[in-house]
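Dear colleague,

Here is the structure you are taking over. Please look through it first; my notes follow below.

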Amino acid sequence: MKNNEQKVMLTGVRPSGNLTLGNYLGAIKNFVTRQTKYKSYIFIADLHAITSPRDPVELRVAVNDCIAMYLACGVDPEQTIVFRQSDVLEHGIMGFIMTFQTHMGELSRMTQFKLKSQNMGKNGIDTGLFVYPPLMSADILLYNTDMVPVGLDQQQHVELTRDLAQRFNKRYGDTFNEPDVYIAPVGNKILNLQNPTEKMNKSDGPNPGTIFLMDDLKLARKKIMSAVTDSESIVRFDEENKPGISNLISILAAITDDDIAAIERRFAGRGYGDFKRAVADAVCDLLADIQAKYQQFKNPAVLNAILANGAERARVVADETLSRARVALGLK
Ligand code: TYM
């Protein structure tokens, strides 16, 4: 379907003013380092935020905070199309179309659905939680995406997207590009520092095991220094037997782009205190840099202009793809 055009990269984050170190290392950093090589899109997935009830005022604020955070993390709006999902109405219609290509069994098997629906027992499970993967597929397919950098928890959804694209193309003729997922070799699943068998989540709220990008530096340092480890006192990467230390090694490796073996060698014969101080230094340097830039970008007029421009540019492509899909379906 594609000729010699520039390859397309896209990713999205559900709006939360307070992104975590996991969001940064699992997705945003990998996007930022590649944004010049691709035609790049990054969006705030605000339709995904309403799959469960959410305070509207808080949501609007979170969207703006989240864009400021993208910029602070290095997203360049000159290079990259930055937009809010709900500004491009094509996402809704395409989400609807992709939902109809999906089997109940496929959605029931999604790990995120299984995990999150466990906590929804009492008042029933929100349909939004069940059907959001095909909306995510729509987000990706609308822009003819080749590559989607995400953390490990979202890999299954990108794989579903490939399946849906293939299914649609087979049924209705060549319409969608099949995207590849990009999972960073290190940092794709940052774990909670206090409970290193669980993922670090932005929905955790104030939590001693979660590093938020806006955390006060002293607090962030304290969180790293009190991270759960083990009694062995050897800095060695072993996710099964040493999840806490392995998580800290991943954090350091992902921030500094060092490889894991080099970190193990550097800390051979040194205690956990020394090692944790090095991790805390790297995390605090990163946070200090992001936080300084965040203040610089938190200007509503600038953010609104970026979003308006981004939506306009995104709409052109989304509209073209949606038209193609409608023609293929016999709807146009
Ligand atoms: P969300 O908002 O939960 O997370 C945003 C990105 O951060 C990654 N991530 C992590 N990576 C490593 N370690 C962690 N602890 C960690 N926590 C989160 C996620 O994998 C994700 O890449 N449905 C998506 C948003 C979305 C999207 C899309 C992404 C909507 N449409 C289209 C890509 C393409 C979500 O809820 O991500």
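**Gln 291 and its surroundings**

Gln 291 touches Leu 213, Met 214, Asp 215 and Leu 217, leaving out residues up to four places away in sequence; contact here means heavy atoms within 4.5 Å. The model is predicted, so to speak of local features a pLDDT of at least 70 is needed, side-chain atom pairs count only at pLDDT 80 or more, and totals for chains, interfaces and linings use all residues. Residues are numbered from 1 along each chain as its sequence is written, and side-chain values use heavy atoms, with hydrogens and water left out.

Gln 291 sits in helix α12 (residues 272-297); helices are DSSP runs of H or I with at least four residues, numbered from the N terminus. Gln 291 counts as buried because its relative accessible area is 17% (buried is under 20%, exposed over 50%, partly exposed in between, with a 1.4 Å probe and protein chains only). A polar atom of the Gln 291 side chain lies 2.7 Å from the backbone oxygen of Asp 215.

**Glu 264**

Glu 264 belongs to helix α11 (residues 260-266) and is partly exposed, at 23% relative accessibility. Apart from neighbours within four places in sequence, Glu 264 is in contact with Val 235, Arg 236 and Phe 237. A polar atom of the Glu 264 side chain is 2.6 Å from the backbone nitrogen of Phe 237.

**The two domains**

The protein is divided into domain 1 (8-183 + 299-329) and domain 2 (202-294), with bounds from an automatic or database domain assignment. Their centres, taken over C-alpha atoms, are 29 Å apart. Between them, 16 residues of domain 1 are in contact with 15 residues of domain 2.

The area buried between the domains is about 1,500 Å², and carbon and sulfur atoms give 69% of that. Buried area is the accessible area (1.4 Å probe) that two parts lose on being put together, summed over both.

The rule finds one salt bridge across this interface, a salt bridge being a side-chain nitrogen of Lys or Arg within 4 Å of a carboxyl oxygen of Asp or Glu. Asp 257 forms a salt bridge with Lys 29, with the closest N and O atoms 2.9 Å apart. On the side of domain 1 that touches domain 2, the elements giving two or more residues are α1 (21-32) and α3 (56-72). The largest share, five residues, comes from α1.

Regards

How values were computed: Polar contact = N/O pair within 3.5 Å; in protein donor to acceptor, adjacent residues only side chain to side chain.
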